[in-house]
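Please open the structure in your viewer and keep the selection tool at hand.

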Amino acid sequence: MQVKRFFAADMRQAMKLVRDELGADAAIIGNRRIAGGVELTAALDYKLSALAPRVPNLELEEELRKTQSRIVSAQAELSTRGATDAATNRQLVAGLPLTAAEPLVEPRREEPARTQPAPAPQPAVDQRVFDSMRSELNGLRQLLEVQLGSLAWTQLQGSKPAQANLWRRLQRIGLSGPIARELLSLTSEIHEPRQAWRMLLAHLARMIRTPDVEPLEEGGVIAMVGPAGMGKTTTLAKLAARYVLKYGSQSVALVSMDSFRIGAQEQLKTLGRILNVSVTQVDPGQSLVQALEPLLRKRVVLIDTAGLQASDPALRMQLESLAGRGINARNYLVLATTSQKQVLTAAYHSYKRCGLAGCILTKLDETACLGEVLSLAISQELPIAYLTDGPRIPDDLHLPRRHQLVSRAVSVQMQEEPSEEAMADMFAGLYHSPDKRVG
């Protein structure tokens, strides 16, 4: 028997190391979290792996599902913290019965009849034990997701190769697993590959939401929000120039809430001088309502906000100002299409607290993948208000056309086919959602 330890940043990478070195017959006999990642202990029995009959994929998947169900049940047990102590919880998870030699509490000594018996002490709950058990259960769950994802992808390639090819093409665009699954369910009855692909793209275009009326035409207070580096100030400049060229500079005003970035307010003042538009500066702690009072007669007011980190207390104050009473602002989340999926998701969750009317996609001329930002906009039901694809003001600001946006996403798709590991990882991620059907 060969036993070896593997270290990786997460469970999926560790499983890949196990498969690459020991093969698919290796058994995981231990896993634990360590500083900087996870540690897996795997074993390979040459005799057993050569002689033991192989379990069919369907049976193995069923067993993994049962184990996953047991883990979910164990986690539910942990959430109901009763009066049981840490030792009882360890025995319940391990499936070991309590014995008379291991009483839950110390036996109470009998006191004389004339004295009041003391109440039995309540067993103390060790928080570290619960945290350790949760960590181990989460590790097991990740391990199961990786194995189930790999099994599901292998089965789909064998049973439905045409559908597997569509999965690969959607992955090349960068669409998320749930969006791809929904698109494929809409075209499951179409067997001709080219027709199925055209219908997939048509359904994808219908999923994208755009405003019925252009925000500048609707008027009012419009705020650009989002992390630093997304292109908020440049986008605001393009919007202001677009409006001035069409309606003049008398009915538009600019407001800067960015007093944190060096030169941010100077940039806006320079833009105001060029466009002959008034610029108002709002300092930290100053009331936004009072700053907007002199601008009530303006048809359009564009607000530039500071790009702050989610942990910065000033961000919470800024979002509360935009969502406060007396501020009827429509806040648009500015997202650079060059950003990674994790950055886009974190930006949405940080800024959704102020109420989002939609999003503006920037830097389309620099992106190598549009699927990730489209997946976020579709899943969170964010209308795409504008697109920017260059530095020219305002020429590189465009209204979105859904079919053109899908065509652009296809044209900038990844040149190489996604690896088998990437497809298995995507299928593993689908096991987080309630609907587990991926085929």
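Begin by selecting Asp-396 and Arg-392, which form a salt bridge whose closest N and O atoms are 2.9 Å apart. The model is a predicted one. Asp-396 is buried, at 5% relative accessibility, whereas Arg-392 is exposed, with a relative accessible area of 51%.

How many salt bridges does a search of the whole structure find? The search finds seven.

Next, select Glu-39 and Arg-5, whose side chains meet in another salt bridge, at 3.8 Å from N to O. Glu-39 belongs to strand β3 (residues 37-44) and Arg-5 to strand β1 (residues 2-8), so the pair ties together parts that are 34 residues apart in sequence. Glu-39 is buried, with a relative accessible area of 5%; Arg-5 counts as exposed at 53%.

Move on to Glu-218 and Arg-330, where the side chains meet in a salt bridge of 3.6 Å, N to O. Here helix α9 (residues 215-218) holds Glu-218 and strand β8 holds Arg-330, so the pair ties together parts that are 112 residues apart in sequence. Arg-330 counts as buried, at 16% relative accessibility.

Now select Thr-337, in the loop between β8 (329-336) and α14 (341-351). Thr-337 is buried, with a relative accessible area of 4%. A polar atom of the Thr-337 side chain lies 3.1 Å from the backbone oxygen of Lys-363. Beyond four places away in sequence, Thr-337 touches residues including Leu-361, Leu-364, Cys-369 and Val-373.

Finally, select Cys-369, which is buried at 19% relative accessibility, and then Cys-359, buried at 1%. The count of disulfides is zero.

How values were computed. Residues numbered from 1 in each chain as written. Predicted model: local features only at pLDDT ≥ 70, side-chain atom pairs only at ≥ 80, totals over all residues. Heavy atoms only, no water. Disulfide = S-S within 2.5 Å. Buried < 20%, exposed > 50% of the residue type's maximum accessible area, 1.4 Å probe, protein only. Helix = DSSP H or I, 4+ residues; strand = E, 2+ residues; numbered from the N terminus. Polar contact = N/O pair within 3.5 Å; in protein donor to acceptor, adjacent residues only side chain to side chain. Contact = heavy atoms within 4.5 Å. Salt bridge = Lys/Arg side-chain N within 4 Å of Asp/Glu carboxyl O.
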